Amino acid sequence: MRWAEAVKDFKQQQSTLCGDILLITAFVSYLGYFTKKYRQDLLDGIWKPYLQQLKVPIPVTPSLDPLTMLTDDADVAAWQNEGLPADRMSTENATILTNCERWPLMVDPQLQGIKWIKTKYGEDLQVIRIGQKGYLDTIERALAAGELVLIENLEESVDPVLGALLGRETIKKGRYIKIGDKECDFNPAFRLILHTKLANPHFQPELQAQCTLINFTVTRDGLEDQLLAAVVNMERPDLEELKSDLTKQQNGFKITLKTLEDNLLSRLSSASGNFLGDTALVENLEITKQTAAEIEEKVQESEVTETKINEAREHYRPAAARASLLYFTMNDLQAIHPMYQFSLKAFSIVFQKAIERAPPDESLAVRVLNLIDSITFSVFQYTTRGLFECDKLTYTAQVTFQILLMSKEINTVELDFLLRYPAQTRVTSPVEFLSNHSWGGIKALSSMEEFRNLDRDIEGSAKRWKKFVESECPEKEKFPQEWKNKSALQRLCIMRAIRPDRMTYAVRDFIEEKLGSKYVVGRSLDFATTFEESGPSTPIFFILSPGVDPLKDVEKQGKKLGYTFNNRNFHNVSLGQSQEAVAEQALDLAAKEGHWVILQNIHLMAKWLNSLEKKLEQHIEGSHQDFRVFISAEPAPSFDSHIIPQGILENSIKITNEAPTGMHANLHKALDNFNQDTLEMCTRENEFKSILFALCYFHAVVAERRKFGPQGWNRSYPFNTGDLTISVNVLYNYLEASSKVPYDDLCYLFGEIMYGGHITDDWDRRLCKTYLEEFIKPEMMEGELLLAPGFPLPGNMDYNGYHQYIDDTLPPESPYLYGLHPNAEIGFLTQTSEKLFHIVLEMQPRDTSMGEGGVVTREETVKALLEEMLEKLMDEFNIAELMAKVEERTPYVVVAFQECERMNILTSEIKRSLKELDLGLKGELTMTSDIENLQNALFMDMVPESWIKRAYPSTASLGTWFADLLTRIKELEAWTGDFSLPSAVWLAGFFNPQSFLTAIMQSAARKNEWPLDKMILQCDVTKKNREDFASPPREGAYVHGLFMEGARWDTQTGIITDARLKELTPAMPVIFIRAIPADKQDIRSMYPCPVYKTQQRGPTYVWTFNLKTRENPSKWVLAGVALLLQI
């Protein structure tokens, strides 16, 4: 019977064989590098239909599975016994690897493929790395002997010496291959496997042509299947054993049947004449038939059993799915910071321990819930202890959103709004308690079904909404009207529009509601608990922060367990010049004897780090079980300067230790550097104690002011405790040496040398100096100096008295403690929230393309945006034509030309890149990494990198930036129409505002014949707005479009005054700017106010405008008051 069916199948195959072979060769040659989804799409969606629609169709088997033609179940079973993961993708990869003609190149970031290869080939495999000692000799020997070589951990560029080998460029009739300039024997049996653990490598095109790339990267589904096997193995070992026995049994059946059939066929083919007389043959035929029938019966039995087993296993799938989701969320963190790298191996250990820790239960459903909870919390703890404080909420929010998306509890459209915030532009808020930007968000929400009439309700019940919006913690209050019944995510969406500054708190509450309070309390694990998880192959890696020494914990733990320097089993190597050998000796000795090794500051030894990675890998196996390694390194300031190898980071337990935050903690910490003896060491006790306390307060202020971003400091500086202790030493020496307190000298030494030594920005230097002048002055000895509102300088106390004074008297944390306005905190919190959502948006899985629920796909979104932009962009300025219109090239005309030229460079780049992307999306142009980056930027609503390089500084999202660009072009067009100066000039509209301000001085200099270097700009703030001016002034210019941050301008009295709460950047009236001789300027009661292009301040500095003030200018210096051209 079976043979009759087989003959029928073979007859059918005769016609489809060519087509099948064609598809299978394409499968092996091209599909290896694609993910599961694309493999299916190409095979079933593109290739098969293509062969069908040819003029002469090529017939193929409709249900062709390439695997059945290339391999059989027995092979697959053997691979799985050797450690190949059991999912379909891995089986396809192994099939391609064993059948390809070119050298296979495995892309294997989780190292599952290489583990299988090493088990499969065992002793027959020569494992080498490019660059290791004598690796070319190993290749040469293997070439001659026809051995199998594995080159592991390839980088993106490969040593050119191997070019001929990779391309199989044989010489002398295929008997030799050139390696470098040496001819080496080539044995045709030689095989080469290449391997990289880079997740998304960009190899040279020729390498991709020479090798068959195979993507071993674990997928979410693949990992889910693997983890399901692991969880069932631990929970129900009987089931898993039964399943693997069944698999082995079935594989055994298939092998037996195949052997019997082969044996029978060979006897039949060799039999002559009447073979019925051949008794042995007939008996064999009978046995085969009987065995086939028995096997058939057993296969049916085992299929029933397998169905039951699979049903039982399915109960545990939710736990495996959750774990898979957590791994991929954790793996995505490396996009935030290169230090955040985790291996699948380390994750599996956490996963197993979590299963062991989960509370048992009689009910299977409850047990599975316990497993899910235990796995989620264990992975959460494992991950967060290695994250910086600022990234912990981002990670937890991403985990929460992904869990809720997987369980279909939240709507993708609403989540997309929350993360992207596509507010409508150019709308005016009808209510005074919401800004235009907030109202744009409300309008965008109101167009969605769930939020219909939200805008009307806010307008109609303005009083109730005003009370809600202006409450201190609106996230804790109930929403007005029926909006309080909306889902948690819908309430978050509304809150995102009306109070962006409270979003970090609102997201924290959301996480608490969905996952539980243990995910939001910031308790750090104690070191002893973490230490228990380490081992000889799992180092502990401390990610350093300024002003924190985590190694004290290691020393304390070592003392407890008998590992100390004096016992000679504790080696502490601080890395620096020529310390590599010392470190390597310590590691070798410790691995043998079971000692502890601390390697401090490994980031200082960039060239040695790869050797360290190999050294640690060598010691993974065969080292003493008490051997431990502790590593510390500073994080790199940017992705490009990151040098710590992936292997070291992935396998270690990462711990971040950060300095405490808040004024209270910082002031105590500053005082902790001293003791009672310090206070008593100076003969002039009163002065010494007062100035020392003021210095501690100053130190805490300058360190903690960083959190307010550019309004705090233009640039970030690494102030440390050394600055404070050395300043106190200087203070002691000066007080002992002089009869009067030299206040000015001390301020100069502290502000310009000790602390000022770090400072590179003139405005920051002014701020530092102003703080010291306010805190250290003769009045401090008269008992009337306030360090902050409500916090007077204490009198003469003992050491503990000062600590007690801080606890009793220091007001609660607020910007007032730093001399800033409360708005500074609102600004800082809003920026933090924006950053949070931006990062979570970037971390959303790419492959989902948010195509569910009627949302357009990634490509469609980008295509629509691209077409809209190309349509709106005007033609470039014709400079030659404009020049012909001009009679005299005045300074203003020169500025106009320069601006037109810059605008042309920018708009031509925008058009070029967008057209390129359009062709790429149509498939008419190869997608390069630049085009891909452009596509991602457009989708993320970010300004693309190549545009930023040619544009002006801006912090806006792409939508706002593009609208702003069109306005700038219109302004330029209006100005170049007849080259007469606009009645009021939009200063922010220039690429280079300095050039326009300089032109004002040049015009006056030429007109009045004044020397240019003896002139300055005087700015008078008018009481009018832009619309009130019909023509430009006779001299100078009216400028508009400036905003003040940190304070506001009082138009009535014409001076700077305190800002109103929640008005972060009030607009300035029109400013009249004209040039005057420097000796005529009035500097009494003036605050020299810096003007910056954007809120990033620092490098975007433009000019200094002197603004009138009744109060002491130092107040505005401490408040970080500045004028901004864009907000």
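Mentor: Let us begin with a convention: two strands count as paired if DSSP finds at least two bridges between them. Strands are DSSP runs of E with at least two residues, helices are runs of H or I with at least four, and both are numbered from the N terminus. This is a predicted model, in which local features need pLDDT of at least 70 and side-chain atom pairs count only at pLDDT 80 or more, while totals for chains, interfaces and linings use all residues. Residues are numbered from 1 along each chain as its sequence is written, and side-chain values use heavy atoms, with hydrogens and water left out.

Trainee: Understood. Which order do the strands have in the open sheet with β16?

Mentor: The order is β16-β18-β22-β17, four strands with mixed pairing. At the edges stand β16 (985–986) and β17 (1015–1021); each has a single partner strand, so one side of each lacks a neighbour in the sheet.

Trainee: And how many bridges join β16 to β18?

Mentor: There are 2, and the strands run parallel, with β18 covering residues 1037–1040. W986 has H1040 as its bridge partner in β18.

Trainee: Which helix packs on the sheet there?

Mentor: Helix α42 (residues 993–1008) does, touching β16, β17, β18 and β22 (1071–1077). Contact here means heavy atoms within 4.5 Å. The direction of α42 makes about 110° with that of β17. Axes are lines fitted to C-alpha atoms, for helices over the stretch in contact, and angles run from 0 to 180 degrees between N-to-C directions.

Trainee: What is the strand order in the open sheet that contains β19?

Mentor: That sheet has 4 strands in the order β19-β25-β23-β24, again with mixed pairing. Here β19 (1043–1045) and β24 (1101–1108) are the edge strands; as each has a single partner strand, one side of each is without a neighbour in the sheet. On average, neighbouring strands are turned by 35° against each other, direction ignored. Helix α33 (residues 762–775) packs on this sheet and touches β23 and β24, its direction making about 145° with that of β23.

Trainee: Turning to β12: is it enclosed or open?

Mentor: It is largely enclosed by the rest of the structure, because 6 of the 6 residues of β12 (residues 628–633) are buried. Buried means under 20% relative accessible area, exposed over 50%, and partly exposed in between (1.4 Å probe, protein chains only). Both faces are covered, with R628, F630 and S632 on one side and V629, I631 and A633 on the other.

Trainee: A change of topic: how many salt bridges does the structure hold?

Mentor: It holds 55. A salt bridge is a side-chain nitrogen of Lys or Arg within 4 Å of a carboxyl oxygen of Asp or Glu. One of them joins K48 and D44 (3.3 Å, N to O). These two are 4 residues apart in helix α2 (residues 36–52), so about one helical turn separates them. K48 is buried at 12% relative accessible area, whereas D44 is partly exposed at 43%.

Trainee: Which pair ties together parts that are 132 residues apart in sequence?

Mentor: The side chains of R367 and E235 meet in a salt bridge (2.5 Å, N to O). R367 lies in helix α15 (residues 364–384) and E235 in helix α10 (residues 220–235), so the pair ties together parts 132 residues apart in sequence. R367 counts as buried, at 11% relative accessibility.

Trainee: And what does K707 form with E813?

Mentor: K707 forms a salt bridge with E813, their closest N and O atoms being 2.9 Å apart. The pair links distant parts of the chain, 106 residues apart: K707 is in the loop between α30 (685–704) and α31 (721–737), and E813 in the loop between α34 (799–809) and α35 (823–843). K707 is partly exposed at 24% relative accessibility, as is E813 at 34%.
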